[in-house]
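Try each one by eye before you read the solution.

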Amino acid sequence: MKLNYFELLSPYPIFIADTCHVLSPKLKDISSIGYNTYQFYILLLLMDPKSYFDFIGCTEQYEKMSDDEIIKLDIFNLMTSNKTTSVALESALNFFLQEKVTYSQEDNCYYTYNKYDEKRVGKISKDNYVDIRDIICQRNNFKGKEHTDLSNIKSKKALEIMKKLQKGRSKNNKLTNQNNDMELGNIISAVANKSQSLNILNIWDLTVFQLWDCFFRLSNNNIYDIQSMSVAAWGDKDKHFDASAWFKRINTEL
């Protein structure tokens with residue numbers, strides 16, 4: 001399920017029939033649990049089988065597996081087979097979903113309940129976990145779909161290609177994570193001090209997706225302002241200036 005720009009910007013939950021409502025956490029919600037906890041929850045959701053084995057300290061075990069064994073791995077079953085990751089994932093789902101989430105070891109699924117009347121709403125299982133995870137990632141401005149579940153790949157050749165792609169993404173993510181300028185706290189400070197309406201007091205009511213959208217829009221408009229001042233001073237004889245650039249779509253992946 002690919003969310004559109006309007007849905008991503010909306011502060012209201014996304015309803016998934018017979019399953020749950022996916023929240024877009026506000027900055028104050030992230031602050032209430034702590035930024036490190038939030039990062040850990042995101043890490044759990046972004047896990048694929050390879051990163052799962054790395055996480056539990058069994059990298060060598062994964063590397064010794066045959067292609068046939070790797071194909072059979074399912075991230076949901078892996079996460080729920082381990083007590084630590086099962087409980088951690090339950091906590092993460094409780095943060096990102098409107099419903100109360102409880103893991104059932106007997107049925108190997110997470111049941112969701114209405115927090116007000118305790119009635120069961122639905123369940124999250126092997127069959128729909130990846131879809132729910134991807135929607136959560138989208139609402140938090142993470143590209144969860146890039147973390148492909150290799151259990152869906154039947155071709156050995158395709159599996160080899162995907163493994164190479166995942167290795168490249170992992171390396172790229174490490175390089176990206178080293179950019180402290182893009183750390184969430186710094187982005188909050190930058191937007192609060194650049195925006196004409198947001199400040200360090202009211203910015204906490206933004207959802208995390210709204211914050212990133214504001215940041216990229218402010219960056220885009222800052223470039224526009226510089227270009228427009230240059231045109232006003234020196235003219236635009238080459239016709240390079242786009243007067244409509246200030247409202248052009250910035251989220252081009254949608």
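**Exercise 1.** Which residues form a nonpolar patch on the surface, and about how much accessible area do they have together?

*Solution.* Before you start, note that this is a predicted model, where local features need pLDDT of at least 70, side-chain atom pairs count only at pLDDT 80 or more, and totals for chains, interfaces and linings use all residues. Residues are numbered from 1 along each chain as its sequence is written, and side-chain values use heavy atoms, with hydrogens and water left out.

Step 1: know what to look for. Patches take residues with over 30% relative accessible area and no salt bridge, joining like charges within 9 Å and nonpolar side chains (Val, Leu, Ile, Met, Phe, Trp, Tyr) within 5 Å. A salt bridge is a side-chain nitrogen of Lys or Arg within 4 Å of a carboxyl oxygen of Asp or Glu.

Step 2: pick out the members. They're Leu43, Phe55 and Ile56, with about 220 Å² together (Shrake-Rupley method, 1.4 Å probe, only the protein chains shown counting as cover for residues).

Step 3: You'll find Ile56 in the loop between α4 (49-55) and α5 (59-63); helices (H or I, at least four residues) and strands (E, at least two) are DSSP runs, numbered from the N terminus.

**Exercise 2.** Work out how β3, β4 and β5 are arranged.

*Solution.* Step 1: trace the order. The open sheet of 3 strands runs β3-β4-β5, with antiparallel pairing (two strands pair if DSSP finds at least two bridges between them).

Step 1: check the edges. β3 (100-104) and β5 (120-124) each have a single partner strand, so one side of each has no neighbour in the sheet. From one strand to the next, the twist averages 25°.

Step 2: zoom in on one pair. β4 (residues 109-113) joins β5 over 4 bridges, and Thr112 sits opposite Gly122 in β5.

Step 3: Axes here are lines fitted to C-alpha atoms, for helices over the stretch in contact, with angles from 0 to 180 degrees between N-to-C directions; contact means heavy atoms within 4.5 Å.

**Exercise 3.** Is helix α9 mostly covered or uncovered?

*Solution.* Step 1: count. In α9 (residues 129-139), 9 of the 11 residues are buried (under 20% relative accessible area; exposed is over 50%, partly exposed in between; 1.4 Å probe, protein chains only).

Step 1: name some. Among them are Tyr129, Ile132 and Cys137.

Step 2: look just past the helix. There, Asn141 takes a positive phi of about 65°.
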